[in-house]
Amino acid sequence: MDDKSIDILLVEDDTVDVMTVRRAFKKGKVSNPLHVTSNGLEALDLLRSPNSPLRHSRCLILLDLNMPKMNGIEFLKELRQDPDFHKIPVIVLTTSGQEKDRVEAYNLHVAGYILKPVTFTKFVEVITVLNHYWTLCEFP
């Protein structure tokens, strides 16, 4: 991997959605390393683990909002308070079209808020656009 590689952390509890993201990465020829956790607590544990592959890498988080144990908004609040991780870009990828969720997510400085597409073809399009986005962005 070159020094511009970006690890992707997918925080998603739905196994079908995880498989869909993996398939969309493959179909869209996205080669970034993908790490998966099923809720906010697991994601924080992974980020904070001394042996985590994400500990000292450039990272972007794809975050679902509706999860057990610690939902996406709770995770964002915790992440933004952590001086080691508060600058990690987060893109919300969710089924929640509720205005309060969008507002709260943007108030917690997400880089984007995307509703999960219904069809696989649209999902691949979203992942492809996101891949272009994170390829063009300069990360800390």
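How exposed is tyrosine 106? Tyrosine 106 is partly exposed, with a relative accessible area of 42%; buried means under 20%, exposed over 50% and partly exposed in between, using a 1.4 Å probe and protein chains only.

Before the exercises, a word on the model. This is a predicted model in which local features need pLDDT of at least 70 and side-chain atom pairs count only at pLDDT 80 or more, while totals for chains, interfaces and linings use all residues. Residues are numbered from 1 along each chain as its sequence is written, and side-chain values use heavy atoms, with hydrogens and water left out.

**Exercise 1. Describe the aromatic pairs.**

Step 1. Recall that a pair of aromatic rings is described by the distance of the centres and the angle of the planes. Rings of Phe, Tyr and Trp (its six-membered ring) pair if their centres lie within 6.5 Å; planes under 30 degrees apart are stacked, over 60 edge-to-face, and the rest tilted.

Step 2. The structure holds 2 aromatic pairs. In one of them, phenylalanine 25 and tryptophan 134 have ring centres 6.1 Å apart and planes at 40 degrees, so this pair is tilted.

Step 3. Because phenylalanine 25 belongs to helix H1 (residues 15-27) and tryptophan 134 to helix H5 (residues 120-136), the pair ties together parts that are 109 residues apart in sequence. Here helices (H or I, at least four residues) and strands (E, at least two) are DSSP runs, numbered from the N terminus. Phenylalanine 25 is buried at 4% relative accessible area, and tryptophan 134 is buried at 1%.

Step 4. Turn to tyrosine 106 and tyrosine 113: with centres 6.4 Å apart and planes at 35 degrees, their pair is tilted too. Tyrosine 113 is buried, at 11% relative accessible area.

**Exercise 2. Work out the sheet and the helices on it.**

Step 1. Read off the strand order. The sheet is open, has 5 strands in the order E2-E1-E3-E4-E5, and its pairing is parallel; two strands pair if DSSP finds at least two bridges between them.

Step 2. Find the edges. Strand E2 (34-37) and E5 each have a single partner strand, so one side of each has no neighbour in the sheet. From one strand to the next, the twist averages 20 degrees.

Step 3. Look inside the sheet. Strand E1 (residues 7-11) and strand E3 (residues 59-63) pair in the parallel sense over 5 bridges, and aspartate 7 has cysteine 59 in E3 as its bridge partner.

Step 4. Axes are lines fitted to C-alpha atoms, for helices over the stretch in contact, and angles run from 0 to 180 degrees between N-to-C directions. Helix H4 (residues 99-107) lies across E4 and E5, at about 150 degrees to E5.

**Exercise 3. Which residues surround lysine 116?**

Step 1. Lysine 116 sits in the loop between strand E5 (112-115) and H5. At 13% relative accessibility, lysine 116 is buried.

Step 2. Leaving aside neighbours within four places in sequence, lysine 116 is in contact with Glu12, Asp17, Asp64, Leu93, Thr94, Thr95 and Phe123, where contact means heavy atoms within 4.5 Å.
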